[in-house]
Amino acid sequence: MPEVKVKAERCKGCELCILYCPKKSLCMSPSFNLKGYHYPEFKEPDTCTGCAICGMICPEVALEVYK
Amino acid sequence: MAEERRLMKGNEAIAEAAIRAGCRFYAGYPITPQNELTEYMSLKMSEAGGVFVQAESEVAAINMVYGASSTGARVMTSSSGPGISLKQEGISYLCGAELPAFYANIVRGGPGLGNIAPAQSDYFQSVKGGGHGDYRVIVLAPSTGQELVDLTRLGFDLSDKYSNPAMILGDGILGQMMEPVTLPEPVTFDMKTKDDWRLGDSAGRSRHMITSVHLAPGTLEKHNIDLLKKYRKIEEKEVRYEAVGVEDADVVIVAYGTAARIAKSAVAMAKAAGGPKLGLIRPITLWPFPTKFIAEVAADGSKDFLVVEMSLGQMREDVLLSVLGKAKVSLLGRTGGGIPEEEEILEAAKKARASKEAIEVFPEGN
Amino acid sequence: MKKVFGKPKSLSDKPFSYCPGCGHSIIHRLTAEVIDELGIQSKCIGVASVGCSVFSDAYFNFDFIQAAHGRAPAVATGVKRVRPDCVVLTHQGDGDLASIGAAEMLHSANRGENITVIFVNNAIYGMTGGQMAPTTLVGMKTTTSPMGRDVKGTGYPVRVCELLRELKGVAYLERTSVDDPKGVIKTRKALKKAFQAQLDGLGFSLVEVVSQCPTGWGMTPVEAVKWLGKDMKAYFPLGLFKDIRAEEPQEVAQ
């Protein structure tokens, strides 16, 4: 099952990954990182297809994709 | 190519000397009265296996030199006053980034567009900064064709020794005149001597960064103080000057470049005529200035100083600082392309000696 | 499980200091990906410019030199002429390239300098607080065009690719964007073609990347990419402007 590792501390809450995820699988976590930004998490587990579009659009290289 | 003797125009002598010093990158832009230097380079630099670029502007040229220097090559540009004004930001960057580079200013009358006649009115620009920030450039002042050659080589050597720009402050006469010169045997410059900082081939080492920006608090201050320590070392070790008949003189002329050459004739004329008792201090490095030597000469208060320069008294300020109030410092100034003559100098020296206060002499009717 | 997407080797670990949603770091990452793919990391020499791009050097694991505002193409010329074996790239914003650096941009392209210019066009001066850029759109409000850009005093936005395409020294010229995944993929392809043009010694290559500046535009990142998609692309058409390797001369939608 493909998975995305979120490096929460690098995230700046731009939400572009949420906008572009083809499966609309991502949402902003209610948690904050140390800088005070919310960061993305999956709405439901096992919905990731490993397309890596989130990683490609992320300006912070905060998303690593594994397949 | 071995050592050889040639009759050369000053501008071309600088270029040939630079190539023989291992310079392999030149970027420049046409401006009178230095064009022969650029033109000579356009042919001879490629013959020597180097790079010649006629840049789109003096600004572009100095930035090309900055980039080329970062690769470890010996690099050069040249211009006249207005073009050197354009290069000031680039020169400040070279100093801040601690990159070696050599350039020549063949000075013309200013300010503004001025004229194309010789002048010495870029002294402040050369010695006091010209660009922004706390920095110094090594300033060499030739007064003969041979010195154009010798000081070009010295300029490259000092520039590399201290990783700081060095320049020749010439003028339109020096650039245009033809004199026999002895050209030294060429040296091949090995860029590998700069392996600890030059750019390119970053495999197997940490990457190199050439920069003059230091944003983290305290870092720029520390960097500037390190630069100051370097400049103090240069002031201690690299002062050069010529002294003629200073010990017995009543009036010590201080002059550089073309003005010094004419002053030398005046000193010889005075000697032949049995008076007045003239001496000459000819700074060869304008920065570092021969402050200590001038202070020594002025110390007992027995001598008057007459600064002869083709400006409104730019070097005079440094002589005033150097004598520490112990002597009168008068000025014979010619400007806007005017050139002093021996008789003028002798007259001014007599007047300066006779006067209670320091005098300023400009041409008749001014 | 295998990592199929992550940080490229040529990109450093340092977290980016750009604003949330900024396109600069997407472009940095793509540059690094392409450099990794071409295997040229140790041969690269980057030229950082002035603007938000002043930080570029911190994010790459290869040699860099900081250039004065606008002068990166001249600095790159000096580097490349002495070291033609190295791969020389500049990373410049719209003020740096098209305003103060216009002469250096034009002449390095005209001379066909074998360098790669990565031009980030976000229609604003970001670092200095949001002033008008040569590429600012008509009517766009900035801190120096508070009533909106008026062509009477300021002219029309400059289209760099359209200007440069006539120059014979230009080998490769393309305009892309990083506002959406499609644009990101196209930008990566364009950067690769640009670097390949340099490796093949073909002349000047430039990729103009239309990019978002949420802070400068006064928008959220999501609003910014949507505005770019509509308004910026309408004025700056994306596409290939020149590729001397192509068989047919290239035309871009007018």
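Predicted model: local features only at pLDDT ≥ 70, side-chain atom pairs only at ≥ 80, totals over all residues.
## Which chains touch

There are 2 pairs of chains in contact, and chains B and C share the most contacts. Chain A and chain B have no contact; their closest C-alpha atoms lie 20 Å apart. Chain C, in turn, is in contact with chain A through 32 of its residues, and they meet 26 residues of chain A. The contact with chain B takes 31 residues from chain C and 33 residues from chain B.

The size of an interface is often given as the accessible area lost when the parts come together. The table sets out the two interfaces in these and other terms.

| Interface | Area buried | Share from carbon and sulfur | Salt bridges | Residue pairs in polar contact (both at pLDDT 80 or more) |
|---|---|---|---|---|
| Chain C and chain B | about 2500 Å² | 60% | 4 salt bridges | 14 residue pairs |
| Chain C and chain A | about 2300 Å² | 68% | 1 salt bridge | 12 residue pairs |

## Chain C against chain B

The closest N and O atoms of Asp63(C) and Arg205(B) are 2.6 Å apart.

Which elements of chain C give two or more residues to the side that touches chain B? They are strand S3 (63-66), helix H2 (72-82) and helix H4 (102-110). H2(C) provides the largest share, 7 residues. By class, this side of chain C holds 16 nonpolar, 7 polar and 8 charged residues.

Strand S9 (residues 209-210) of chain B pairs with S3(C) in the parallel sense, over 2 bridges. Within that pairing, Ile210(B) stands opposite Ile65(C).

## Chain C against chain A

The salt bridge here is formed by the side chains of Lys3(C) and Glu64(A), at 3.2 Å from N to O. On the chain C side, the elements giving two or more residues are strand S1 (3-5), helix H1 (24-38), helix H7 (181-199) and helix H9 (221-235). H9(C) gives the most, with 4 residues. The classes on this side of chain C are 18 nonpolar, 5 polar and 9 charged.

Area loss in chain C can be traced to particular residues. Met1(C), Phe5(C) and Pro181(C) lose the most area to chain A. Together they account for 27% of what that side buries.

Phe5(C) also takes part in strand pairing: in S1(C), it is the bridge partner of Val65(A). The strands concerned are S4 (residues 63-66) of chain A and S1(C), which pair in the antiparallel sense over 2 bridges.

Strands of a sheet pair through backbone hydrogen bonds, either parallel or antiparallel. An open sheet of 8 strands, with mixed pairing, runs in the order S9(B)-S3(C)-S2(C)-S4(C)-S5(C)-S7(C)-S6(C)-S8(C). Why is one side of S9(B) and of S8(C) left without a neighbour in the sheet? Both stand at the edges with a single partner strand each, so one side of each has no neighbour there.

Inside this sheet, strand S4 (residues 87-93) and strand S5 (residues 116-121) of chain C run parallel, joined by 5 bridges. Leu89(C) has Thr116(C) as its bridge partner in S5(C). H1(C) lies across strands S2 (44-48), S4, S5 and S7 (204-210) of chain C, and runs at about 170 degrees to S4(C).

## Local features in chains A and B

In chain A, strand S2 (residues 26-32) and strand S3 (residues 38-42) pair in the antiparallel sense over 4 bridges. Leu26(A) has Phe42(A) as its bridge partner in S3(A). The hairpin of these strands has 5 residues between them, and Gly36(A) takes a positive phi near 95 degrees. Lys24(A) also has a positive phi, near 50 degrees, in a residue other than glycine. Lys24(A) sits in the loop between helix H1 (16-20) and S2 of chain A.

Chain B has cis peptide bonds at two prolines. The bond from Thr32(B) to Pro33(B) is cis, with omega near 5 degrees. Pro33(B) lies in the loop between strand S2 (23-28) and helix H2 (35-47) of chain B. Another cis bond joins Gly275(B) and Pro276(B), with omega about -5 degrees. Pro276(B) is placed in the loop between helix H10 (257-273) and strand S12 (278-283) of chain B.

Terms used:
Residues numbered from 1 in each chain as written. Chains lettered and ligands numbered in written order. Heavy atoms only, no water. Contact = heavy atoms within 4.5 Å. Buried area = accessible area lost by both parts, 1.4 Å probe. Polar contact = N/O pair within 3.5 Å; in protein donor to acceptor, adjacent residues only side chain to side chain. Nonpolar A, V, L, I, M, F, W, Y, C, P; charged D, E, K, R; others polar. Pairing = 2+ DSSP bridges. Axes fitted to C-alpha atoms, helices over the stretch in contact; angles between N-to-C directions.
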